[in-house]
Protein chains: 2
Amino acid sequence: MVLSRKPLKGMRELTPGEKRIEDYIIKRLREAGVVYGFEEYETPVLEPLELFLAKSGSELAVEQSYNFTDKGGRKLIMRPELTPSLARMVAASGELIYPVKWMSFPVCYRYERPQRGRAREFMQFNLDILGVSGLEAELEVFLVLRRIMNSLNASPGRYVIRYSSRRLASEILESCGMTEEEMAQAFAVIDKKDKLEPDEWEELVRNRIKIERSADTVINFASCSDPNAPWLVEAAGGSEACDEIVRFSGMLRDAGISEAQFEASVVRGLDYYTGIVFEVMDTGGKNRRAICGGGRYDNLVGMFGGQKVTGVGFGLGLLTLELFLETYGLIPDSISGKHPADIFLAIYSDEERTFAVNLAENLRNVGVSVEIDITGKNLSKQFRVADRKSIGYIAIIGPEEVASGKITLKNMLSGTETECEVSEVLRMLRDRSLSGEAN
Amino acid sequence: MVLSRKPLKGMRELTPGEKRIEDYIIKRLREAGVVYGFEEYETPVLEPLELFLAKSGSELAVEQSYNFTDKGGRKLIMRPELTPSLARMVAASGELIYPVKWMSFPVCYRYERPQRGRAREFMQFNLDILGVSGLEAELEVFLVLRRIMNSLNASPGRYVIRYSSRRLASEILESCGMTEEEMAQAFAVIDKKDKLEPDEWEELVRNRIKIERSADTVINFASCSDPNAPWLVEAAGGSEACDEIVRFSGMLRDAGISEAQFEASVVRGLDYYTGIVFEVMDTGGKNRRAICGGGRYDNLVGMFGGQKVTGVGFGLGLLTLELFLETYGLIPDSISGKHPADIFLAIYSDEERTFAVNLAENLRNVGVSVEIDITGKNLSKQFRVADRKSIGYIAIIGPEEVASGKITLKNMLSGTETECEVSEVLRMLRDRSLSGEAN
């Protein structure tokens, strides 16, 4: 039998070059979290199905997920998102110090048709602040998002942090007499606004929401992109939710987060949001899927019993972020092609192997990455390997080098050769390598 | 309904303190790979069941695994190990530059009873050299293992790299007329040697291997711990496999790898090994499970068609390694308790918030990790948070600080206070933070 050479559709398989790009992004995300004092945690991929049924709703937990019964008869799910597991972990931890500021890089799974920016197996970056009821938490999360985009060289005009308020939306929809169920449907329709042409979307609203006044309200509300828009002030002015969004927009202005913009139509898909919701979008229209989505949730741990915990958090898809960066040429070319080795030691004959291995070990002891020949092939073939792997320096270890203790370093790019003592190689490469690490 | 607060048994859930320990270990493993020029790659968790049936055998792929049929009718497995996926990836890559030196940190899944050192969801470190037929590849892998243990402060006497040869074992078992099937059973029995008392084990051998001469051979062979042992020389002296193991033991001596020791009884569980096999063990007897297991495989990609690829590699369980380090007090206490923030900015009142946020952002711009109050609580409560999170420095931002541009830094450990210009805080903390990063 000849097996397939391809992974399953939508799965995450990364060659070293692709992994270097992901690592570059992960490093920036992690650094952004760390400078705000976020700590990393981890939860299982395999979870009880009931946890996600309770928290994510059955569409996500059943239809869009990988779920199955294990050999012990347990109904399991491969997590489609992280938040329910976070909730469980927080509920179980007795002595957390609030505010809890946690981040994680979960690999998640969804049984959906793979398409641009959407895979069946994907890595997210999740970041949450728990135990803070004030808007200062939202502000900090927006600061983190701005820092992430900045550190990846995305200029402020390239992306927007769009935000709205689930609470405000609920208030307004309630005011025209909608039931919970009708509101859920209205949210689903509002969520489609950016995926359709304006005419199509309006038609969809009027099709789905039969009461004309309600449909008008949905259309008017979803079209607001200013928290002080006359229609909005008229409809909700003075309400707590409206005051909150006006206050938040002022806080963003004070903190100079000009990338943030109110868009009433932002509702986000997940059921558990209760306050401000937000998403990061490409402004160029090239990537229609949100790079990141998040919001405030009122009671993270309710279903586990115990005290209420409020939170603000987001999930950011590494794939959508990478596509965004790729679209605008923001991934430095040097990253995917960079081989880790600083120097290649070519070996003249087996006689010099022990000397060469010792030299290599000494260099590695000071942090230099050394690739040494282990094939026993002739020198020209060894050179070819070093060249194809784009290793910056090469040195031949032959009888002369062993006898003299002197090495000739060849810069593979410039072709220049420098003869130096073995002790000097160490220093020369160490200096070079340490300065290189700053990248 | 009240949901369970516990993850499923045997799953991997890490609090920030536990994650910091894992990260410490991951960092050392990665660094060890990088200085030898290894590159990181990644493969999916979800794979076609047939890939593992073909490569890992049905015990691992069916009985000991999580496998299920997805909504599209595909038979899937959550990978119990990495090698079959590596094989697939190598077979699919047209233009690899040999020797390929790759590493990965897969999370793997096995449906087994969880016990000390064995979880159902676990992270491994995999490292492989492909395309090298000579023992130089094995030597390099042993060098990497020694470097890993060294970098984690495990002194040479604490662990041993035990090695043997599948080829030698096969040769000897064949010589007493065993069939393939009988040999597989003999391997399984040899594999149990260290898990039983010598008497018990001998009884097991004689129970399972009915022909007396064969049983004697198994017992004699498995008791050799010197490649030049008289029995072994008598039985296999001069054979290719015997020469190889003698040569390899000389190479290890030349390279000064005194941690390596020949133990004929090492066979390792996986089917696909064909040459030298090895494992890293605690010498203190406190941890009976191998920290790492590996070996040479002849033909990684055979079942995909195309050219043969030989390789040497290992899988190292992070959990067993961590237990080993824990047993001997080798995990620095400071790691799990270390909060990422360098400084906590307490805010006197909302008036100073914008000033404080700006200061915090400037500090973060130069890599300082700053936690700032976002609760709006009174100063003594803010201090309590900083104290409980063990953040090293604290500074209050009040009206005086805003007016003067001067900040008082309090060292939370010593209690000493230093007044300085805002511009100086930046420098002071940056110096401190950069020097701290060297750890």
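Predicted model: local features only at pLDDT ≥ 70, side-chain atom pairs only at ≥ 80, totals over all residues.

Q: Okay, which domains does the assignment give for chain A?
A: Domain 1 covers 16-43 + 82-333, and domain 2 covers 340-433.

Q: And how far apart are the C-alpha centres of those two domains of chain A?
A: They lie 51 Å apart.

Q: Switching to the two chains: what rotation superposes chain B on chain A?
A: One of 180 degrees, with 0.0 Å of shift along the axis, and the RMSD is 0.1 Å. The two copies are thus related as by a two-fold rotation axis.

Q: Which residue of chain B comes closest to that axis?
A: Phe68(B), with its C-alpha at 3.3 Å.

Q: How many residues go into the contact?
A: Chain B puts in 74 and chain A puts in 75. On the side of chain B that touches chain A, 40 are nonpolar, 12 polar and 22 charged.

Q: New topic, helices H8 and H9 of chain B. How do their axes cross?
A: H8(B) is residues 198-208 and H9(B) is residues 212-222; their axes come within 9 Å and cross at roughly 145 degrees. The crossing is right-handed.

Q: Which residues meet there?
A: From H8(B), Glu202(B), Val205(B) and Arg206(B); they meet Ala215(B), Val218(B) and Ile219(B) of H9(B). Sorted by class, that contact has four nonpolar residues, two charged and no polar ones.

Definitions and conventions
Residues numbered from 1 in each chain as written. Chains lettered and ligands numbered in written order. Least-squares fit on C-alpha atoms with pLDDT ≥ 70 in both. Domains from an automatic or database assignment. Contact = placed C-beta atoms within 7 Å. Nonpolar A, V, L, I, M, F, W, Y, C, P; charged D, E, K, R; others polar. Axes fitted to C-alpha atoms, helices over the stretch in contact; angles between N-to-C directions. Helix = DSSP H or I, 4+ residues; strand = E, 2+ residues; numbered from the N terminus. Left-handed = near helix turned anticlockwise from the far one by under 90°.
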